[in-house]
Amino acid sequence: MAGRLRAAHRVPDGPGLIGFLFTLLLALAGGALFSAVQMPVAWLLGPMVFVFVGTRFFRRVKPEWPKALRYFAMIVIGYSLGLSFTKPILAEMGRQLPTMLLMSVLLMLLCAVIAWMTSRLSGLPYRTTLMGSIPGGLSQMILLAQETRGIDMTVVVFLQVSRLMMIIFCVPLLVFSPLFGGVRHEIDAAADAVSATWGGLFPDIVLYAAACVGISLLAVKIKFPSPYLLGPMIITAALHLSGVPGPVLPNGLLDVAQVLIGTYVGLLLQPEKLEHKLKFAVLALLSGVLLLGGAAGLSFLLAELHPISHATAFLSMAPGGMDQMGFIGKEVHADIATVTLYQLFRTWFIFFAVIPIMRFSYRRLGESWRAREEAQREARPTSL
């Protein structure tokens with residue numbers, strides 16, 4: 001175990017250093033180009049696209065990206081999101097708790113229906129397509145899939161990553177579109193806000209940095225979900241709410257975090273490992289579109305139930321993860337605390353309700369499900 005951790009955090013050398021520099025160059029080029037053409041969340045989308053495409057054009061160089069860089073980015077994101085929590089916002093979220101539960105249940109039901117459709121059209125086992133469709137955090141769903149017998153890991157990873165990439169790419173475009181027309185006014189109103197400076201970080205950032213790193217290591221040790229994101233977010237919110245001043249991060253540091261996350265996501269998707277790639281890619285695209293459309297529909301319902309903007313409601317419902325939706329929310333000046341709390345509640349709902357139910361069902365019904373899936377494969381041997 002210690003050896004794996006050292007390998008995950010090591011600084012590349014030799015051929016690994018070349019692969020790291022190559023990956024970093026692709027990421028920076030993508031971010032610079034997307035920023036030049038004024039794409040939304042340019043330093044997230046640009047590296048993601050360039051790394052995914054570039055590593056397939058230049059196959060002689062093996063890409064290298066230490067996990068420690070992603071962990072650093074998640075700590076930065078967690079701190080930034082934690083600063084968004086205020087006492088009035090938390091009080092309002094307490095009043096919205098029934099709505100959070102309702103929206104989470106409706107979104108999970110939508111995911112279950114989409115997984116069933118994908119299973120029927122592809123001939124894949126329903127358990128596999130369900131794990132690929134639940135937006136419960138990429139690493140957590142992959143870990144659950146690894147612990148469950150009879151799950152096709154390649155399919156789960158492809159469904160999860162392709163959905164994540166689609167949402168990261170499409171959500172900013174939708175939020176900036178006329179469909180959510182109220183956003184542009186909010187952006188213009190916030191345009192004169194003073195940007196944070198690097199000098200303004202000190203000395204207050206020292207306490208927060210130590211607290212965020214310490215809580216992250218503790219969260220990893222106790223196997224807390226998303227330790228490098230939720231740990232810093234929780235400790236930052238607690239300190240901030242208790243009156244300890246926390247400096248706002250400079251835009252440059254947030255851009256760096258976007259590059260690190262975007263590069264990681266770009267390296268995850270490996271469609272070449274799939275059989276019948278074209279057919280499966282179409283199914284993944286269709287399921288992603290349905291999920292995104294369903295989330296948009298639920299967001300309009302949420303905006304009717306509570307006095308929040310359509311952009312805030314959409315980012316609250318979009319199944320893209322707290323870090324990505326937090327980044328996009330900052331770009332459009334949505335209510336980050338509301339977005340984060342809805343995303344956080346759904347994440348905890350999945351971790352502490354959906355996943356235990358799935359595990360219990362697989363243990364109790366495992367043999368009958370495996371027999372049914374085997375009969376399905378024999379009846380449709382060429383369906384995928």
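In this predicted model, helix H6 is followed by Gly123, a residue whose phi is positive, near 80°. Helix H6 covers residues 97-122, and at 1.5 Å a residue its 26 residues should span 38 Å. The C-alpha atoms at its ends are 37 Å apart, which agrees with that expectation. The buried residues of H6 are Thr99, Met100, Met103, Ser104, Leu107, Met108, Cys111, Ile114, Ala115, Thr118, Ser119 and Ser122.

Helix H7 comes next, formed by residues 126-133. Seven of its eight residues are buried, so H7 is largely enclosed by the rest of the structure. The buried residues in question are Arg127, Thr128, Thr129, Leu130, Met131, Gly132 and Ser133.

For the protein as a whole, the model contains 17 helices and zero strands. Buried residues account for 49% of the 384 residues.

Helix H4 (residues 67-82) packs with helix H13 (residues 251-268) at an angle of about 130°, and the axes of the two are 9 Å apart. H4 and H13 are therefore oblique to each other, and their crossing is left-handed. On the H4 side, the contact is made by Leu69, Arg70, Phe72, Ala73, Met74, Val76, Ile77 and Ser80. H13 contributes Leu253, Leu254, Ala257, Leu260, Ile261 and Tyr264. Sorted by class, the residues in the contact of H4 with H13 are twelve nonpolar, one polar and one charged.

Is Lys279 buried, partly exposed or exposed? With a relative accessible area of 37%, Lys279 is partly exposed, because a residue counts as buried under 20% and as exposed over 50%. Lys279 and Leu121 are 158 residues apart along the chain, yet their C-alpha atoms are separated by 9.9 Å.

Definitions and conventions. Residues are numbered from 1 along each chain as its sequence is written. This is a predicted model: local features need pLDDT of at least 70, side-chain atom pairs count only at pLDDT 80 or more; totals for chains, interfaces and linings use all residues. Side-chain values use heavy atoms; hydrogens and water are left out. Buried means under 20% relative accessible area, exposed over 50%, partly exposed in between (1.4 Å probe, protein chains only). Helices (H or I, at least four residues) and strands (E, at least two) are DSSP runs, numbered from the N terminus. Axes are lines fitted to C-alpha atoms, for helices over the stretch in contact, and angles run from 0 to 180 degrees between N-to-C directions. Angles under 35 degrees count as roughly parallel, over 145 as roughly antiparallel, 65 to 115 as roughly perpendicular and the rest as oblique. A crossing is left-handed if the near helix is turned anticlockwise from the far one by less than a right angle, and right-handed if clockwise. Contact means heavy atoms within 4.5 Å. Ala, Val, Leu, Ile, Met, Phe, Trp, Tyr, Cys and Pro count as nonpolar, Asp, Glu, Lys and Arg as charged, and the others, Gly among them, as polar. The expected span of a helix is 1.5 Å times one less than its number of residues.
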